[in-house]
Amino acid sequence: MIHTENLTKKFGDRTAVEALELDVREGEVFGFLGPNGAGKTTTVRMLTTLIGPTSGTATVNGFRVGQADTDIRRCTGILTETPGMYDRLSAEKNLTIFARLYEVEDVKGQVEKYLRFLGLWDRRADLVGNFSKGMKQKLAICRALLHEPAVVFLDEPTSGLDPEAARLVRDFIEEIKAHGRTIFLCTHNLDEADRLCDRIGVMKQRLITVDTPMNLRQKLYGRKVVFHLREADDALLARVRALPFIKEAQRVDNKLVFGLDDPEAHNPALVRLLVEAGADIQFVGELRHSLEDVYLSLVGSTD
Amino acid sequence: MPKIWTIIDKEWAEVFKNRLVLFTVIFMPILFTALPLIMVAIGSSQADMGDATDLPASYLEMCGDLTGSACFTLMMVNQFLLLFMMMPLIIPVTIAAYSIVGEKTTRCLEPLLATPITTAELLIGKSLAALIPGVLATWLSFGVFAVVAYMLVQSPELLRRILDPMWITAIGLVGPLLALAGINVTLMVSSRVSDPRTAEQVSALLILPLLGIFFAQIIGVIAVNVQLMQLAAVVMVAIDAGLVYLGVRAFQREVTEWANQRMGESANEQIGE
Ligand SMILES: Nc1ncnc2c1ncn2[C@@H]1O[C@H](COP(=O)(O)OP(=O)(O)OP(=O)(O)O)[C@@H](O)[C@H]1O
Ligand SMILES: [Mg+2]
């Protein structure tokens, strides 16, 4: 759906995006992570033809950036970093203007569909300036969807929102995701990326890595299982460590933490051994590293 | 084409809620209509203008068999009619200055540029949105002026002189064409600056040559006539065509610093409502 080769943008001597190689598949939610100034917005702007790349190529929905810009504009929707709604116009008017500019055939129908989708149909005549920040953001997302684009770019959709509004917007993105659209999501919120994205690209001027949230964790830390026992001691730990599939074993008070490649296959044997050894198992769980740990170590390692 | 109307519709809905723009659109025509009318009223109330010998010779010649007060009125009219030509320039330039830069400061321009609208459609829409109210306001005030002046002086001859082909050409054609030139320069400037006042000030310079003609006429260096006006109209058509073409080519469609959040915070405070 989106493909870039060697995509580079320089502002004077400052390189904002360097030799970006990306492949975003149809129908996936692709998370784009990176610290401030990493070049996320610049990338989105290049892919939506708002700025021209310095070098390299990109195609969106089969159209080449710089050659078929109008076609790209027709099949993409964008929530810009600052939503930029006309505060002095009503919600309906805001959407109507954009529906017309996006060459929507049934302007009235589409505007009504999305206003109802947002639960704003009754407030369609209200000025956007009077809406809450979360509402405005959702309206701006709808504005990007009016023409049912194949790809939607969302640049930090939840930044600057309070937790409640952010949650509204996040739930909303999940709903859109259910419609099977390709979504390119820039965010600083790692839980959001974890929850919404099929794959995540971490970038800082250059692309550091791309993978599913799960694989990212695993690549860095492997998978870990934790057993809470009524009582645990080092002798027990030593018996488990002797098992061939255990890569790592650790005791923290009454908890045993094991690193293994395939918990689904090996956990039953582990449980059996612990029970036979007389351990009282209270809880068993997977120890998940937060995506934040992953992200920080990825971004930090490039310094 | 329909996108041009969308832009016009949007501009009118949005720009006229800006108090400064509204003030210019309403106050200027009232001022420009009231001032010459006051002069006419003063002129026509002076009964001893019978011989009118203190008027410039060129006017006496022009007045022919008009009465003194009608002649005086005509002179005033001639001078203020040039202001009527300038009016459609001042109003639209104000609107145009705010229309692009205002959209930058409120960050509405970026999503707009992401739509499949062409630069020409965007600029033509914005030009027309700025031009039409200015021209209509001018025509309306000119009409009001002509009617009230006639009621004050009661001279059919005077009315004929006001509705002279020269003035019809000037106000009907040259004024709007001048305005279009001003708008295009303003749009060109405002696509490259981030403060509406800068755009307005640069464009205000355009009024200088017009003011030059205005004063040249007052002191009697030149007397505008219909041929001069027709020539001006032709020249302006050529200039406008060139400016529209240049404007579309020179318009900076790429988003730049104005679209960035941090820059934006301060810009938002600047936009005086
Ligand atoms: N128009 C511009 N002119 C000059 N430099 C720019 C311009 N736009 C962006 N930059 C620079 O390019 C770099 C990347 O900026 P960009 O906005 O893409 O980062 P980002 O990843 O979106 O950051 P954030 O998380 O803060 O939104 C920054 O160093 C920024 O200052
Ligand atoms: Mg950004």
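Trainee: Which residues does A:L260 touch, not counting residues up to four places away in sequence?

Mentor: This is a predicted model, in which local features need pLDDT of at least 70, side-chain atom pairs count only at pLDDT 80 or more, and totals for chains, interfaces and linings use all residues. Residues are numbered from 1 along each chain as its sequence is written, chains are lettered from A and ligands numbered from 1 in the order in which they are written, and side-chain values use heavy atoms, leaving out hydrogens and water. Contact means heavy atoms within 4.5 Å. With residues up to four places away in sequence not counted, A:L260 touches A:R223, A:V225, A:F245, A:I246, A:K247, A:H266, A:N267 and A:L270.

Trainee: Is A:L260 buried or exposed?

Mentor: A:L260 lies in strand β13 (residues 255-260) of chain A; helices (H or I, at least four residues) and strands (E, at least two) are DSSP runs, numbered from the N terminus. Buried means under 20% relative accessible area, exposed over 50%, and partly exposed in between, with a 1.4 Å probe and protein chains only. Because the relative accessibility of A:L260 is 1%, this residue counts as buried.

Trainee: Which residues does A:T48 touch, not counting residues up to four places away in sequence?

Mentor: A:T48 is placed in the loop between α1 (40-47) and β4 (55-60) of chain A. Its relative accessibility is 2%, so A:T48 counts as buried. Leaving aside residues up to four places away in sequence, A:T48 touches A:R73, A:I78 and A:F153.

Trainee: How are α3(A) and α4(A) oriented to each other?

Mentor: Axes are lines fitted to C-alpha atoms, for helices over the stretch in contact, and angles run from 0 to 180 degrees between N-to-C directions. Angles under 35 degrees count as roughly parallel, over 145 as roughly antiparallel, 65 to 115 as roughly perpendicular and the rest as oblique. Helix α3 (residues 91-101) and helix α4 (residues 107-117) of chain A pack at an angle of about 130°, their axes 9 Å apart. α3(A) and α4(A) are therefore oblique.

Trainee: How are α5(A) and α6(A) oriented to each other?

Mentor: In chain A, helix α5 (residues 133-143) and helix α6 (residues 163-178) cross at roughly 20°, and their axes come within 9 Å. The orientation of α5(A) to α6(A) is therefore roughly parallel.
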